[in-house]
Amino acid sequence: MMHRDRITILFLGVAHALDHSFLSALPPVLLLVVNDLGASLGEVGYAATLAYLLFGAGALVGGPLSDRIGEGKVVFASLALSGVSTLILLVDHGFVGFLAALVMMSAWSSFYHPTANSLISKAYRGEVGRVMAIHGVGGSIGQVFVPSLAVFLAITVGWRFSFVFFGILATVTSIYFIQLPLMKKHEIRTRPKQFLILKDSRFWALFAYNIMIGLYFRGTELFLPAYLTKVRGLSIETSGMAVSLLMAFGVLGQFLGGIGTDRIGGANALLIESAVVAAGFACLQLESLTAVVGFLVLFGLAFYATQPTTNALTAEITLLDQRGLVYGVMFFLVFGLGSISSTIAGHVAENFGLQLAFSAMLLLSLLALASSLLLRRRWLIENQAQI
């Protein structure tokens, strides 16, 4: 691999971390935002739902746009414009300013994921899997430090600078991608086959599963630090570090998910991962700090293990010339459509308390487990039919 290619991978890892930082910085400073703006948890939940929805929906736009004008230009625009959007927080100190900044950050950062995946698949042929793994882990390692750093900045200079700091880093990082050469377009050779995947029952099983995990993920991500502070009595600083610990186990989970998928098959691995996630949520129903640690470990390992597993299953059933589109759809289901999880958790938290909100997340994780059972069955049936 050429020196330039290694540098590009490094910058992609940094860009991946920064792309997630805008929304990852919100949960650990959520209570500070609520107190400063005089808003309710429900109102912030609605705002976050809109932001998460845009973050997922933009994946359906970013990929096709990168094919037209080049991946480098789209990554540059995504990072730079989402970074500049954080400055809205310094101009308008009200809830409207917060909502506008959150929406703009999410909308622009949403272009990144399908574009980066497209760039990697075109520029690193023959080693796509390894580079995808480096890219994913790079982003996760960055997320390990975002919550704690966001809390530190919020306490020392104000919560708005938790976003502005990452915005400045994203804008500076974006400069590297201006000079990336235009990657060659893949010709769509078998247009009549494009929609054959819609007749594959495995596609719909995976489609349903991604909806299920999206329904508990966003609500958990947004309200976990507030839950740890208000229900479990931890300080805001400790809650931020707890989220960083969860993300640290997430890095390990991605490696384990990839290894498990290769050794026992994606459908089997997904069933195990889903069961462990549900076990993690069950821990939160116990009134002890040990149970909280159990949740951080189990959820961190298992949820992030589902990412390489579902990516592998998607590749297994998707033609090469339609893979970007299908990845965009699956990303939207988890990170876009799944954004209603924030509204669900926010509504339950506002009316019945944060503890019951996480009981609702347990119920949703059990539905995801049931979905993984159905998925495994469809995979077995299809594999037997092909023998």
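At what angle do the axes of helix α3 and helix α16 cross, and how close do they come?

A: This is a predicted model, where local features need pLDDT of at least 70, side-chain atom pairs count only at pLDDT 80 or more, and totals for chains, interfaces and linings use all residues. Residues are numbered from 1 along each chain as its sequence is written, and side-chain values use heavy atoms, leaving out hydrogens and water.

Two packed helices are described by the angle between their axes and the distance between the axes. Helix α3 covers residues 41–57, and helix α16 covers residues 340–352. Their axes cross at roughly 175 degrees and come within 7 Å. Axes here are lines fitted to C-alpha atoms, for helices over the stretch in contact, with angles running from 0 to 180 degrees between N-to-C directions. So α3 is roughly antiparallel to α16 (an angle over 145 degrees). Helices are DSSP runs of H or I with at least four residues, numbered from the N terminus.

Which residues touch? From α3, they include Gly-42, Gly-45, Tyr-46 and Tyr-52. From α16, they include Ile-340, Thr-343, Gly-346 and Glu-350. Contact means heavy atoms within 4.5 Å.

Now take a second pair. Helix α5 (residues 71–85) packs with helix α7 (residues 95–109) at about 175 degrees, and their axes are 8 Å apart. Therefore α5 and α7 are also roughly antiparallel to each other. Helix α5 brings Ser-78, Leu-81, Ser-82 and Ser-85 to the contact. Helix α7 brings Ala-101, Met-104, Met-105, Trp-108 and Ser-109.

Notes:
Helices (H or I, at least four residues) and strands (E, at least two) are DSSP runs, numbered from the N terminus. Angles under 35 degrees count as roughly parallel, over 145 as roughly antiparallel, 65 to 115 as roughly perpendicular and the rest as oblique.
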